[in-house]
Amino acid sequence: MRISVSSDMDEPVARALVHALRERGHEVRTHGALRPGDDPQWAVCSESAAREVAEGTADQAVVCCWTGTGASIAANKVPGVRAALCTDAYSADGARRWNDANVLALSLRLTSEPLLGEILDAWFAGEPSADPEDRQNVDRVRLLDHGKARL
């Protein structure tokens with residue numbers, strides 16, 4: 001899988017994230033502080049990573065900033081992106097299952113390396129729900145990307 005990764009700071013957990021994704025066999029493209037010469041501002045690098053998902057040059061993305069909140073907000077401004085800030089394995093599983101999230105947002109402050117492993121395990125094991133109500137919600141979000149509010 002092609003995964004775009006951004007971080008506004010070159011923190012140990014961000015480097016561990018890139019390493020863990022490569023260890024899992026993913027092709028990783030870095031942005032922000034993880035890529036020398038790139039703009040490390042959270043809004044800029046999160047948008048870059050999310051845009052690759054929206055354009056289809058990445059299958060998923062992981063965006064990071066100190067709290068994870070700014071990175072998730074910036075990523076969610078890109079049409080076609082459903083970014084979820086996950087602080088544990090349960091929220092990562094739910095984001096994939098109920099929200100069909102395609103971008104994982106992480107807090108550089110709160111995410112330890114052991115917790116990172118648990119979150120990634122749940123994220124990659126999770127599959128989008130086939131439940132009609134769950135699909136209807138995801139479809140509604142897609143409409144919102146295009147300025148529409150009705151199915």
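This is a short talk on the fold of one protein and a few of its residues.

Before we start, a word on the model. It is predicted, so local features need pLDDT of at least 70, side-chain atom pairs count only at pLDDT 80 or more, and totals for chains, interfaces and linings use all residues. Residues are numbered from 1 along each chain as its sequence is written, and side-chain values use heavy atoms, with hydrogens and water left out.

Let's take the whole protein. It has six helices and five strands. Those names come from DSSP runs: helices are H or I, at least four residues, strands are E, at least two, and both are numbered from the N terminus. Reading from the N terminus, the order is β-α-β-α-β-α-β-α-β-α-α. The radius of gyration is 14 Å, close to the 15 Å of the globule rule for 151 residues, so the protein is as compact as a globular protein of that length. That radius is taken over C-alpha atoms, and the rule is 2.2 Å times the number of residues to the power 0.38. Along its principal axes, the C-alpha trace spans about 45 × 30 × 25 Å.

Next, burial. Buried residues are 46% of the 151. Buried means under 20% relative accessible area, exposed means over 50%, and partly exposed is in between, with a 1.4 Å probe and protein chains only. Now contacts, meaning heavy atoms within 4.5 Å. Of the contacts with a separation of 6 or more, 64% join residues 24 or more positions apart.

On to a helix pair. Two packed helices are described by the angle between their axes and the distance between the axes. At what angle do helix 2 and helix 3 pack? Helix 2, residues 42-55, and helix 3, residues 69-76, pack at about 50°, with axes 8 Å apart. That makes helix 2 oblique to helix 3. For the cut-offs: under 35 degrees is roughly parallel, over 145 roughly antiparallel, 65 to 115 roughly perpendicular, and the rest oblique. Which residues make the contact? Helix 2 brings Trp-42, Ala-43, Ser-46 and Ala-50, and helix 3 brings Gly-70, Ala-71, Ala-74 and Ala-75. Six of the contact residues are nonpolar, two are polar and none is charged. Here Ala, Val, Leu, Ile, Met, Phe, Trp, Tyr, Cys and Pro count as nonpolar, Asp, Glu, Lys and Arg as charged, and the others, Gly among them, as polar.

Now some single residues. Cys-64 is in strand 3. Cys-64 is buried, at 2% relative accessibility. The residues it touches, beyond four places away in sequence, include Asp-8, Ala-71 and Leu-106. Its C-alpha is 9.1 Å from that of Cys-45, 19 residues apart along the chain.

Ala-58 sits in the loop between helix 2 and strand 3, which covers 60-65. Ala-58 also counts as buried, at 5%. Ala-58 and Ile-3 are 55 residues apart along the chain, yet their C-alpha atoms are separated by 5.4 Å. Leaving out residues up to four places away, Ala-58 touches Arg-2, Ser-4, Glu-52 and Val-53.

Is Arg-96 buried or exposed? Arg-96 is buried, with a relative accessible area of 10%. It lies in helix 4, residues 89-99. Its contacts beyond four places in sequence include Gln-60, Trp-123 and Glu-127.

Last, Asp-100. It lies in the loop between helix 4 and strand 5. Asp-100 is buried, at 12% relative accessible area.

Technical notes:
Axes fitted to C-alpha atoms, helices over the stretch in contact; angles between N-to-C directions.
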